[in-house]
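Here are a few exercises to work through with the coordinates open. Try each one yourself before reading the solution.

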Amino acid sequence: MNRLSYRRVLSTACLMLAPLIPAWAQQTYQSPPADLVKILEAPANPITSISPNRQWVLVTVSDPRTVTISDMADSAYYLAGSKIRANPDYRIENIGIRSGTVSGIDGKVEHQLEVPAGGRLGSTAWSISGDQLAYTTVSNGGMSVEILDPATGHKRHITASGLSGRIRDLDWSRDGKNLAFTATTPVGTSLWVADIGNGTARRLTPSTLNFTTARGNIVDDAGCNWLNGKAPLVCRLWPANHGATPRASEVPTGVIVQESYGLSAPARTYEYLLQGPGDEALFDYYFNDQLSLVALDGKITPIGSPGIHTRATPSPDGSYLLVETVQRPYSYQVPMDVFPSRTEVWNLNGKIVREIRNSHVAEEAPSARDAVVPGIRVINWRPDVPATLMLVEALDKGNPRTVVPKRDQVFLLSAPFTGAATPFVQTEYRYGGITWVSPTTAFLTDRLSRGARQRVWMIDPSAPGGGTPKLVWDRSAEERYSNPGTWVYVLDPASDRFVPLRSSNGKYLYLRGDGASPEGDRPFVDRFDLTTGKTDRLWQSTAPNYERALQVVDRDAGRIITQRESPTDPPNIFLRNLSDKSLTQITKLGDPAPYFADVKSELITYTRPDGVKLSATLYLPPGYDKSQGRLPFFFWAYPREFQSADAASQLAGSRYEFKRPGRQNYLMLLMHGYGVLDGPTMPIVGANGKEPNDSYIQQLVASAQAAVDKIVDMGVADRDRVAVGGHSYGAFMTVNLLAHSDIFRTGIAESGAYNRSLTPFGFQSEPRTYWEAPDIYNAMSPFNYANKIKVPVLLIHGQRDDNSGTFPIQSERLFAAIKGNGGNVRYVQLPLEPHGYTARETQRHLLWEYINWLDKYVKNAPPRPATSATAGSQAPQ
C-alpha cells in the first residue's frame with residue numbers, strides 16, 4: 001500500500017485495528033516539563049565552513065528540529081527505497097538558520113550576514129575561488145539571494161522579476177560570474193541564474209525540473225549541474241508527455257507474481273519497496289526525466305531519450321556524459337540502486353558513444369566478506385584527464401573463495417571510447433579507491449574485510465600497469481593507533497575538483513589525523529615525502545588543550561586553521577603559524593550549551609574479564625556530588641564488531657575536550673536527576689579464526705557488567721537502579737541484555753530488529769546467511785527469548801522505518817511475544833517517522849516517554865528481591 005494519503009490510511013487502519021488490540025489506545029502528543037523543552041529546542045551547535053581559498057571562515061547557528069508533524073503529513077509515495085513527495089516542497093517556514101558570521105583568518109575582519117528583522121538565513125555557498133559568498137534570506141513570507149565580497153565587505157542584493165517560492169541548490173560557475181539556483185513553488189521547480197556583475201537573476205526554465213531528482217532521491221547528481229564549470233547546464237526535466245499522476249484501479253485485475261529459477265540472488269531486507277503494477281506506474285511517473293542542456297539565454301536542448309537516469313555526470317572536459325539508466329524488469333525485493341540498469345557514454349547530442357555495462361537483473365553483492373557482484377562494478381571518470389573512464393572488474397567473478405593471484409582489475413578507457421579498455425593495474429585484495437595526484441603519481445588502496453587489512457600503494461599512472469607499486473601503508477583498518485590520517489584536500493579552481501594539497505616544490509603532500517593513543521586523541525598534521533614515502537610531523541595537539549586541524553592554509557604548511565578547546569574553554573577557530581609559533585584567535589564563540597555548564601563529564605576506562613579494554617563518557621547531573629548518594633543511571637550504547645582484541649581495546653576521545661552533552665533524549669535525563677553513561681564500548685571480537693558473533697551474547701553481557709561495576713566502584717551509581725537503551729542495533733543489544741542478564745532494571749529499545757530469521761541474508765557485519773549459521777542467528781535473536789525477559793521494556797518504532805532490516809513488524813512481534821508470555825511492555829508507534837526521528841512533536845513526546853518510564857521503573861522503583869541480583873551486585877551499594 002504505497003499509494004498514500006496518510007490521514008485517510010491512518011484513520012482506516014485505526015478503525016480496523018482497534019477492535020483487535022484493545023490494550024492499545026491512541027494518545028495525543030505529550031510534552032516534558034517546559035524547562036526541558038527549552039533546552040531540547042535551543043539553537044544547535046555552530047557549524048563551520050572554510051572558504052575554498054582558505055582565507056575566510058563562515059560560522060552559522062541554526063534552530064534545531066524545525067520540521068513539524070504537519071510538515072511530514074503531506075501526501076507521499078514510498079517507492080523502490082525512496083520516500084517521494086506527491087507535490088514539490090515549496091515551504092519556507094521550516095528554514096531555520098538564525099545567524100551567520102564570516103571572519104578573516106587574520107582575526108581582524110568580521111562580517112555578519114544581514115538578515116531582515118524577524119527573518120532567517122536559508123542556504124550558503126562559497127564561490128569556487130572562495131572570494132564570494134552567496135546566501136539566501138527568508139523574511140515576510142519570501143526569499144531572496146544575497147552576495148558578500150568578504151575582502152571589501154561589499155554586499156549585493158540579487159534582484160529578480162517574478163522570483164518566488166523556496167530558493168535553494170546554489171551553484172556557482174567556475175569563473176564566479178554566474179550563480180545558478182532553483183526556485184520551487186506549488187506549481188513546480190524552475191532553474192534561475194544570477195549575473196553577479198549586474199546583480200540580476202532571470203529564469204531559464206519553466207517549472208519543469210524533476211523535483212524528485214532535484215531533492216536528492218536520485219543517487220548521483222541532483223537537479224542541474226554546470227557543464228565543466230560553465231554554461232550550458234545539464235538538467236533533469238519532466239518528459240514532455242509527463243501528464244497527470246497515474247491512478248491505479250481499486251479493483252485488482254489479476255495477481256502479483258514473482259519468480260526465481262536456479263539463480264542465486266540473495267538480498268538484504270529493505271523497506272519502501274515496489275509492491276505491484278500501480279507502484280511501478282508511480283515509479284515511472286516520478287522518476288522519469290528528460291536530460292537537457294540549458295543555456296544562459298534560456299534555450300533548452302533535449303539530449304537522448306527520456307528515462308530514469310540515476311547518473312548524468314559530465315566528463316572533466318565537458319565533452320561527454322556518463323549516463324546510467326534504470327531499466328525493467330523492476331524488482332520487488334531490492335531498492336532502485338540495484339535495479340537492472342545500463343551505463344553508457346553519451347555525447348552532448350545524446351548519441352550513445354559506448355555502452356559500458358548492461359545488467360538485466362537486479363544485482364546485490366552477497367553478504368560474505370569480500371564478495372562483490374561479477375562483471376564491471378565501478379565506473380567513474382578519471383578526474384585528472386579530459387575524458388577517460390576508470391573501470392573495475394573482479395577477476396574471481398566476485399567470489400572471494402576462488403583462489404586467484406589477483407582479485408580485481410582496474411581498466412582505463414579513453415575518448416573516443418573505441419576498442420577494448422586498457423588494463424591499468426591489478427590488486428591482490430579488493431579494490432578500495434585511487435587518489436590521483438599528478439600525471440606520474442597516484443595512490444591505490446586495496447583492502448580485505450577478512451582480517452580488516454588495508455594497504456596503500458604509490459603508483460605511476462603514466463607507466464604501463466602503474467609501474468612498480470611502492471607500498472606506503474599496510475595496516476589493520478580497525479586500528480586507530482596506527483592510522484596515518486587522511487590527505488589534506490583543497491579545491492582546485494582550475495578544475496573545480498578537490499585535490500591533495502601539494503607543496504610549492506612538488507615534493508610533499510600533507511596528512512591530518514586524530515592521533516589516537518593510549519592517552520587519548522592528539523590530532524596532528526604530517527608532511528608526506530613523495531620520494532621516500534616517509535612522513536614528518538609538523539604539528540600535534542598538546543595538553544591541556546584538544547586541538548584539531550581543519551585545513552592547511554599555505555602550500556608549504558606554514559599556517560593551519562584549527563579548532564581549539566579545553567575542559568574549560570569552548571571550541572573556537574584559530575590560525576596557528578607553524579613558523580613563528582604564533583596563535584591567532586579567529587572566532588570568539590561562547591559556551592554552545594550553557595544550560596549544561598554544571599554537568600560533570602569524564603572519559604573513563606575499565607577492563608572486561610577477558611582483558612579487552614573499554615571506555616565510556618560519564619555524565620553526572622548539575623550540582624551532584626557523592627555526598628548526595630548514589631544516582632539512578634541510564635546507559636546508551638551501540639555494539640561494534642572487531643576481528644582483533646587489540647583494536648577493540650584502543651581508546652577513542654580525549655580528556656581535554658570541552659565536553660557538553662548533546663540534546664538527545666537520553667542525555668536530557670541529566671537535567672532530571674539521572675547519571676548517564678554515554679557510548680560505553682561494547683566490542684564483539686572474533687578470536688582464533690571465529691566470527692565475532694560466535695560469542696555475541698557472552699561478550700555483550702561481559703561489557704555491560706564491566707561498565708556497571710566501574711561506575712558502582714566509582715561511588716556514583718546505584719547498582720539496583722540502572723537502565724539501558726539504544727537505537728537500531730543498539731535496541732537489538734538492549735533487548736538481548738534484558739533477555740540474557742539481570743544487570744538492568746528496564747530497557748528502552750528504539751527501532752530495532754529482534755528476530756534475525758527476518759534478516760536471513762546478513763545483518764550489520766555478519767557475513768553468513770541464516771542457513772549457513774542458523775544456531776548463531778537464533779541465539780542472537782532476543783525474540784526467541786521473550787519468555788526470559790523479566791523486566792519492563794519500552795519499545796519505540798517509527799511507522800515508516802526506512803532502514804534495512806528494521807521493519808516495524810520487528811517491534812510489533814516482540815511486543816506480542818513479551819505480552820503473550822506475561823511480561824511488562826509498552827509499545828509506542830511514531831506516526832510518519834522513518835528510522836531517525838524528525839518531527840518536533842515526536843521529540844518532545846519521546847522525552848516525555850523516557851522520563852515517565854524511567855521514573856517509574858528505575859528512579860522510584862522498589863529494591864529488587866535478592867534472588868534477582870546479579871553476581872556483580874554483591875559489590876558495595
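**Exercise 1.** What should the 18 residues of helix α8 (residues 696–713) span, and how far apart are its end C-alpha atoms?

*Solution.* Keep in mind that this is a predicted model. Step one: the expected span is 1.5 Å times one less than the number of residues. Step two: for the 18 residues of α8 that gives 26 Å. Step three: check the ends, where the C-alpha atoms are 26 Å apart, so expectation and model agree. As for what comes next, α8 is followed by G715, which has a positive phi, near 85 degrees.

**Exercise 2.** Work out whether α8 is largely enclosed by the rest of the structure.

*Solution.* Use the cut-off first: buried means under 20% relative accessible area. By that test 13 of the 18 residues of α8 are buried, so the helix is largely enclosed by the rest of the structure. Y696 is a case in point: its relative accessible area is 1%, which makes it buried.

**Exercise 3.** Classify the ring pairs W636–Y666 and Y696–F732.

*Solution.* A pair of aromatic rings is described by the distance of the centres and the angle of the planes. The whole structure holds 32 aromatic pairs. Start with W636 and Y666: their centres are 4.5 Å apart and their planes sit at 5 degrees, so this pair is stacked. W636 belongs to strand β43 (residues 631–636) and Y666 to helix α7 (residues 665–668), 30 residues apart. Both residues are buried.

Now take Y696 and F732: with 5.6 Å centre to centre and 35 degrees between the planes, they form a tilted pair. Y696 lies in α8 and F732 in helix α9 (residues 729–740), so the pair ties together parts that are 36 residues apart in sequence. F732 is buried too, with a relative accessible area of 0%. Ring pairs link both residues into a cluster that also includes Y638, Y729 and W771. One more thing about F732: the charged end of R756 sits over its ring, 4.5 Å from the centre.

Notes. Residues numbered from 1 in each chain as written. Predicted model: local features only at pLDDT ≥ 70, side-chain atom pairs only at ≥ 80, totals over all residues. Heavy atoms only, no water. Helix = DSSP H or I, 4+ residues; strand = E, 2+ residues; numbered from the N terminus. Buried < 20%, exposed > 50% of the residue type's maximum accessible area, 1.4 Å probe, protein only. Phe/Tyr/Trp six-rings, centres within 6.5 Å; stacked < 30°, edge-to-face > 60°. Lys NZ or Arg CZ within 6 Å of the ring centre and 35° of its normal.
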